[in-house]
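Me: Could you take a look at this one with me? I'd like to go through the ligand site and then the overall layout.

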Amino acid sequence: MTTPIPAWARALLLADRAVHSSVRLAALVRTELLLAGLSTAEREAVNAAVFSAEDTYSPGGPTFAHGLFAWEREAFATAPFPPSGRVLLGGGGGGRELTGLCALGYEVVAFEPAPALSEALIAVAAKHPRARALRGSYADLVLAARGGGGPLGSLLGERYDAVVLGWASLSHVTDAAERASLLAALRSLAPGAPVLLSYLGPDDDGRANGRVERLRAPLRRWLSRAAGRAAAAEGEGFVPGAGFYQRYTPEEIEALASAAGYELAMHEREPYPHALLAPRSTVG
Ligand SMILES: C[S@@+](CC[C@H](N)C(=O)[O-])C[C@H]1O[C@@H](n2cnc3c(N)ncnc32)[C@H](O)[C@@H]1O
């Protein structure tokens, strides 16, 4: 015979479920309103504000203190990533990768769009004789590569032996045309340089099957029609601590790289999705 669950415990569990569902519903509505309501430039401004408030990436924060991840060290030791030379580092946060790359003997030119993080990055770079840092975004890099100047205009005309798109930073470029322009800009700024990138992979934690989650697709369609914008793509989202993001499948990363003239020298999904791209003409 099974022991009956007391009525008060049943009621508590039911109330708990209702609270959880309401919180998830509120988060879903928040995300979909933000996705439908903001332009690409406005999303980037939100991301800069969100990351500026995250001191985990700056000296004194736990992510900075962690130093390079094991998969990053392994990628830097994998051909065609060069054993030395000048690295262009985008989305450099508060200087975690810059510090690690300098310790490995590289010269580093870094940039970061979030104001508070770029201040930290510039201060960290000042402590390394072979590093310099600027405030700027991937959109600014594209502008610079097209000869339009801007905050990263001074990066044009230097030789880069490798490019690193800082940890998951590519996932915060949620506009597909801007992603393609970014890789094209890297090809023109650093034609012979391999590119290490990392990204948020598909959301496979099962939440997409929840009852609340089933409201997302119809709400997304309805809000995009109401706002007069194209509906957000599969994999696009927003979270308070990391702003707007785009999740990618490995196939999407491979297509993006190939369209810009890169081949995949390495592509790993674990422990964190990352790929090392090699300019096509230098392979083989
Ligand atoms: C997960 S954090 C990683 C920070 C740093 N690379 C690290 O690992 O400590 C992602 C970084 O991408 C940057 N980012 C977001 N959107 C960007 C954009 N459009 N252009 C360049 N960087 C961007 C953020 O400001 C943030 O510093």
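**Ligand site and domains**

Reply: To begin with the ligand, a backbone N or O atom of G91 lies 2.9 Å from one of the ligand's nitrogen atoms, and please keep in mind that this is a predicted model.

Me: How much of the ligand does the protein bury?

Reply: The ligand taken alone exposes 580 Å², and the protein buries 97% of that.

Me: Which pocket is the ligand in?

Reply: The ligand sits in the second largest pocket, where 17 residues surround it, and the closest of these are G91, R96, E97, E112 and Y138.

Me: What's the shell made of, by class?

Reply: The shell around the ligand has 7 nonpolar residues, 7 polar ones and 3 charged ones.

Me: Switching topic, how is the protein divided?

Reply: There is a domain 1, covering 11–53 + 208–245, and a domain 2, covering 69–199 + 249–282. The contact between them takes 11 residues from domain 1 and 11 residues from domain 2.

Me: And what separates their centres?

Reply: Taken over C-alpha atoms, the centres of domain 1 and domain 2 are separated by 29 Å.

Methods:
Residues are numbered from 1 along each chain as its sequence is written. This is a predicted model: local features need pLDDT of at least 70, side-chain atom pairs count only at pLDDT 80 or more; totals for chains, interfaces and linings use all residues. Side-chain values use heavy atoms; hydrogens and water are left out. A residue is near a molecule or strand if one of its heavy atoms lies within 4 Å of it. A polar contact is a pair of N or O atoms within 3.5 Å; within protein, one must be able to donate a hydrogen and the other to accept it, and residues adjacent in sequence count only if both atoms are side-chain atoms. Accessible areas come from the Shrake-Rupley method with a 1.4 Å probe; for residues, only the protein chains shown count as cover. On a 1 Å grid over the protein atoms alone, a cavity is a set of points where a 1.4 Å probe fits but cannot get out, and a pocket is an open set with protein on both sides within 12 Å along at least five of seven lines; lining residues have an atom within 4 Å of a point. A molecule sits in a cavity or pocket if more than half of its atoms lie within 2 Å of its grid points. Ala, Val, Leu, Ile, Met, Phe, Trp, Tyr, Cys and Pro count as nonpolar, Asp, Glu, Lys and Arg as charged, and the others, Gly among them, as polar. Domain bounds come from an automatic or database domain assignment. Contact means heavy atoms within 4.5 Å.
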